[in-house]
Amino acid sequence: VRYFMSKIKDKIYDFKDRLRDRKMLTLVVTLVAIILVLGVVIFKKQLEYRGLAENSYNNAFYQLVEYVNQTEVLLAKSTITNSSKHGAETLTNVWRNAGLAESYLARLPIGTQELEQAQKFLNQVSDYSYTLANKTIGGEDLSQEDLDNLTSLHQYCGSLKDTLNQLEIDLYSGNIKWGELEKTGGEALTQEASNLSQSSFGSMVEDLHEYAGLIYDGAFSNHMTNPERVGLTGDEIDEAKAMEIAKEFIGGDRVVEITSNGQSQNGNIECYSFTAKVGEEETFTIAISKKGGHVVFMNSNRNIANESVSSEDAVAKGEEFLESKEFKNMKPTYYMNNGGILTVNYAYEQDGITMYPDLVKVKIALDNSEILGIESTGYLNCHKDVRELPEAKITLEEARSKVNQRLEVSSSGLAVIPTEWGTEVLCYEFKGNTADNDFIVYINAETGEEQDILMIINTPEGTLTE
């Protein structure tokens with residue numbers, strides 16, 4: 001032992017002697033520096049790869065949530081469709097969305113039994129909906145067993161949606177990270193699943209436990225661009241005239257200062273844009289159409305300290321405002337509360353018939369009923385004081401017989417709705433509910449065919465449709 005200890009001491013002393021040599025010292029320092037630099041580079045690369053992986057997982061998860069949400073809505077619609085043509089279209093979309101959801105789920109770094117079952121479930125939804133779509137394309141009606149199966153699938157899909165939505169909250173709040181899920185094999189997700197009390201589906205071991213400004217356009221708002229812009233009447237005006245109109249619309253006595261932002265394009269409408277200062281703190285942006293001097297857009301955002309105005313009173317205030325601004329016969333349809341600001345969609349009404357293409361959106365503050373915004377693009381594109389409507393070739397009772405019997409109808413009437421091809425269709429509108437959801441079914445008043453189905457989503461913030 002003493003011999004070996006002596007040898008070790010000799011080696012240490014020899015190394016010290018060598019370090020005194022400048023060349024040796026330089027070599028050691030260089031090696032240490034290289035190791036440190038390599039360590040830093042490797043560490044940065046690891047962070048970079050980890051960031052890329054996180055972004056990839058986040059994108060896959062976002063797409064997964066989106067497609068599962070769409071699948072759930074489409075499954076609900078498929079349970080009440082009474083038309084082979086419309087049913088085939090809906091089921092084909094179920095097949096497509098469920099398949100895409102399955103592919104994005106497979107990209108996530110989690111492989112628990114629950115998610116394996118979720119993947120199997122989405123695959124089954126995709127295959128089953130494809131089979132039923134082919135059945136309806138062939139002219140066959142769905143059997144009661146088919147409808148019952150779709151109802152069950154819809155319920156199970158709601159459970160998956162709840163799981164993903166809760167996981168999304170935890171991921172984006174930082175409570176769970178993709179790296180943790182990757183390391184733990186999904187234990188965090190399993191724990192999350194046990195905290196939620198949704199119905200389990202299939203052979204799963206645990207429950208799977210699922211924009212400021214004018215945020216919500218409402219039903220049919222994506223089909224309101226008319227190249228003819230029939231509601232855009234009058235002669236062209238200059239910027240000075242547009243500024244006068246803007247000041248008067250906001251309230252001439254309220255405007256402290258107004259400045260021009262030049263010309264802009266709002267949708268397919270050429271506008272003059274302005275910024276107006278109201279009082280000491282509030283600022284409005286407003287756009288006036290070059291043709292006719294119509295108010296196309298006005299908006300102001302401010303914090304709402306407390307909500308002292310009810311939604312019903314705010315909706316009435318919006319109607320009163322529109323009436324005072326020469327928007328006559330406007331009927332409230334849908335609304336959304338976002339941070340104390342109620343966005344209400346109003347549609348023109350002609351002889352008791354709702355004209356959904358003629359849409360105006362109004363923002364109302366729920367602290368003092370102030371009108372904070374308006375958007376009239378749909379109205380200016382489509383509005384006519386009097387439409388020449390086709391004559392309904394079927395009665396209300398005949399149209400009612402075309403609606404799936406599972407829908408308990410609460411109200412009905414005539415409405416004109418836009419189509420994705422830029423046309424308009426006169427329909428009977430039936431609002432009602434099944435045991436699980438609320439729907440609006442549109443039956444073409446000329447052909448008697450099922451034209452469209454909207455699913456109503458009631459949230460604490462307001463009413464939406466999909």
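# Exercises on a predicted model

Glu 424 has a relative accessible area of 36%, so Glu 424 counts as partly exposed. This value, like the others below, is computed from a predicted model.

**Exercise 1.** Find the salt-bridge partner of Glu 424 and say where both residues lie.

*Solution.*
- Step 1: Glu 424 forms a salt bridge with Arg 387, and their closest N and O atoms are 3.0 Å apart.
- Step 2: Glu 424 belongs to strand S10 (residues 424-433), while Arg 387 sits in the loop between H10 and helix H11 (396-401). The two residues are 37 apart, and the pair links distant parts of the chain.
- Step 3: The relative accessible area of Arg 387 is 6%, so Arg 387 is buried.
- Step 4: Elsewhere, salt bridges that share partners form one network of Arg 254, Glu 282, Arg 302, Asp 367 and Glu 370. By the rule of a side-chain nitrogen of Lys or Arg within 4 Å of a carboxyl oxygen of Asp or Glu, the count is 10 salt bridges.

**Exercise 2.** Describe the salt bridges of Lys 361 and of Glu 323, and classify their residues as buried, partly exposed or exposed.

*Solution.*
- Step 1: Lys 361 pairs with Glu 375, with 2.6 Å between the closest N and O atoms. Lys 361 is in strand S7 and Glu 375 in strand S8, so this pair ties together parts 14 residues apart in sequence.
- Step 2: Both Lys 361 and Glu 375 are buried.
- Step 3: Glu 323 pairs with Lys 328, and here the closest N and O atoms are 3.2 Å apart.
- Step 4: Glu 323 is partly exposed because its relative accessibility is 38%. Lys 328 is partly exposed too, with a relative accessible area of 33%.
- Step 5: As background, side chains of opposite charge can pair when their charged atoms come close.

**Exercise 3.** Is Ser 376 buried or exposed, and which residues does Ser 376 touch?

*Solution.*
- Step 1: Ser 376 is in the loop between strand S8 (371-375) and helix H10 (377-382).
- Step 2: Its relative accessibility is 0%, so Ser 376 counts as buried.
- Step 3: Not counting residues up to four places away in sequence, Ser 376 touches Val 295, Val 296, Phe 327, Leu 359 and Val 360.
- Step 4: A polar atom of the Ser 376 side chain lies 2.6 Å from the backbone oxygen of Val 295.

**Exercise 4.** Work out the surroundings of Glu 72, then state how many disulfides the structure holds.

*Solution.*
- Step 1: Glu 72 is placed in helix H2, which spans residues 22-78.
- Step 2: With 8% relative accessibility, Glu 72 counts as buried, because buried means under 20%.
- Step 3: Leaving aside neighbours within four places in sequence, Glu 72 is in contact with His 154, Cys 157, Gly 158, Lys 161 and Met 455.
- Step 4: The side chains of Glu 72 and Lys 161 are joined by a polar contact of 3.1 Å.
- Step 5: Cys 157, one of these contacts, is buried at 0% relative accessible area. Cys 382 is also buried, at 6%. The structure holds zero disulfides.

**Exercise 5.** What is the phi of Asn 329 and of Asp 351, and where do the two residues lie?

*Solution.*
- Step 1: Most residues other than glycine have a negative phi.
- Step 2: Asn 329 has a positive phi, near 55 degrees. Asn 329 is in the loop between helix H9 (311-324) and strand S5 (330-338) and is partly exposed at 46% relative accessibility.
- Step 3: The phi of Asp 351 is positive as well, near 50 degrees. Asp 351 is in the loop between strand S6 (341-350) and strand S7 (353-365). Asp 351 is exposed, with a relative accessible area of 73%.

**Exercise 6.** List the contacts of Lys 331 and give its separation from Met 355.

*Solution.*
- Step 1: Lys 331 is part of strand S5 and is partly exposed, at 29% relative accessible area.
- Step 2: Neighbours within four places in sequence aside, Lys 331 is in contact with Asn 345, Tyr 346, Ala 347, Glu 349 and Thr 354.
- Step 3: With the side chain of Thr 354, the side chain of Lys 331 makes a polar contact of 3.1 Å.
- Step 4: Lys 331 and Met 355 are 24 residues apart along the chain, and their C-alpha atoms are separated by 9.2 Å.

How values were computed. Residues numbered from 1 in each chain as written. Predicted model: local features only at pLDDT ≥ 70, side-chain atom pairs only at ≥ 80, totals over all residues. Heavy atoms only, no water. Helix = DSSP H or I, 4+ residues; strand = E, 2+ residues; numbered from the N terminus. Buried < 20%, exposed > 50% of the residue type's maximum accessible area, 1.4 Å probe, protein only. Polar contact = N/O pair within 3.5 Å; in protein donor to acceptor, adjacent residues only side chain to side chain. Contact = heavy atoms within 4.5 Å. Disulfide = S-S within 2.5 Å.
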